[in-house]
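Please read them with the coordinates open.

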Amino acid sequence: MRAFTAILAKDLRVELRTLQSVPAMVLFAVSAFVLFRFGLDRTSLDGSLAAGVLLATVLFAAILAVNRVFVAERDQGGFDAIRLAPVDATALFAAKAAALVVYLVVLEAVTVPVFAIFFLDDWAALLPLALVLLLADLGLAATGALISSLATGSRARDLIVPLVLLPLLVPLMIAAAGAAEPLLAAGGPSYDRVATWLGVLGLYDVIFLLIGYGVFDFVLED
Amino acid sequence: MTTSTKRDPGVAEARATQAERPPAIRLAGLWREYGERVALEDVSLELAWGESLVVIGPNGSGKTTLLRVLATLLRPSGGEVGVLGARLPREAWRVRGRIGYVGHEPLLYRDLTVAENLRFHARLHGLEAPDARIAELLERVGMARRRGEVVGNLSAGMAQRVAVCRAVLHEPELMLLDEPLAHLDPEASALVDPVIGRAAGRTRVTVTHDFRAGLTEGGHALALGHGGTVAYAGPASGLSLDDAEAIYRGAPG
């Protein structure tokens, strides 16, 4: 636990000091919403279209952070330092996934209200939508941390992460969109089958957290 | 490899205890490959606790690879590796935290300050209230006034001094040093050397290109030739400077 908190605190401190990931994610997401607004020529979205615009934007913004999450460990010797210490390597995976969750929560805290201003007539969906986004963030962070650690040693990292990560995230997107669609329905949120999709999201999260926990030691080996 | 020690009861007792322990380092037919390239070929040696070993050899002879295998950072391709009584790589978890490693990179985060970096490593190693230890080490290497400075703003020599503090912070039993005085001016070398040197009393493996200094320091020597073959392994006093130069030139020693 001490390694997990040390690595997470270090990552958050560095992000606060350098602002390398979160501002870029926010800028990307807001720009995407502006483009959707004019590209779709719609001032109001609902149902599956609203869910798709929101979730696809969050996912692509997340890739900016996923790409960078292990860069300091690779370039500045963090991998070696952690392997020289008497700590479980999975603490690194857990800390990186937790850092990604924090980045995503901050991203959504800023950009979901922007999305609502641009596209939603009714804001009642935002509170239940937060639960959907939080569960999606967990899966996105677990999968992202795992794929990023695999790709970080490659010069083609910026290509490998989306190429491998996006197909793996398809089930997560289906489940998140399935849960968000009724919440963003025209005329106010409905809760039809939301619980089922939340269950699928939770299952996805558990599976990828367990995979990360199980294989991360091998990822760190030379 | 053994040392000659003047006998007194305390030393005899200590040596009797040591005799029951496996050597601090034991390599038998160590082999390491990168793809089809052989980096280390059939390296065998034993180093007792508290002894020092200097590793010399031309560029690409596998010195850094050897150090990284000992540090548990690389898996051997073949042979047996014993470090501090643990068999690697299977028992790597037993030695992590007992090794101090100074490599080519300082293993410091450029966006954290000197003190933040050292506190981070102290937490990884489970040190309670490490501030006094950090202050003492920074004082010893002449970096106390730079403790609040971001590492990215330091010169290579200053970062190396902080890297030495990082490596000894947890009081390791084994020091693995890859050109530890690189980037350091004579004054800084004089400050750093006691922290990592013979006086510190730890088992040490030092990679150096300064074989004159390395061999005159005493202890044991391992000379690696091109392709990671062992050109010499034995007491440092048994390897002449002429032979060491011949190894660097690639001629038979």
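Predicted model: local features only at pLDDT ≥ 70, side-chain atom pairs only at ≥ 80, totals over all residues.

The points below take the chains in turn and then the core.

1. Chain A, secondary structure. Chain A has nine helices and zero strands. Read from the N terminus, the order is α-α-α-α-α-α-α-α-α.

2. Chain A, dimensions. The C-alpha trace spans about 55 × 35 × 30 Å along its principal axes.

3. Chain A, packing. Of its 222 residues, 47% count as buried. Take the contacts in chain A with a separation of 6 or more: 84% of them join residues 24 or more positions apart.

4. Chain B. Of the 253 residues in chain B, 47% are buried. Among contacts in chain B with a separation of 6 or more, 69% link residues 24 or more positions apart.

5. The core. Which residues touch the most other members of the largest nonpolar core? They are A:Leu100, A:Ala176, A:Ala180, B:Leu176 and B:Ala223, in a core of 156 residues. Helix 6 (residues 90-119) of chain A contributes the most to this core, with 14 residues. From chain B, domain 1 (9-98 + 172-249) and domain 2 (107-158) each supply at least three residues.

6. One residue up close. Leaving aside neighbours within four places in sequence, A:Ala180 contacts A:Ala51, A:Leu54, A:Leu55, A:Leu129 and A:Val132.

Methods:
Residues numbered from 1 in each chain as written. Chains lettered and ligands numbered in written order. Buried ≥ 20, exposed ≤ 12 C-beta atoms within 10 Å, placed from the backbone. Contact = placed C-beta atoms within 7 Å. Core = buried A, V, L, I, M, F, W, Y, C linked by C-beta atoms within 7 Å. Helix = DSSP H or I, 4+ residues; strand = E, 2+ residues; numbered from the N terminus. Domains from an automatic or database assignment.
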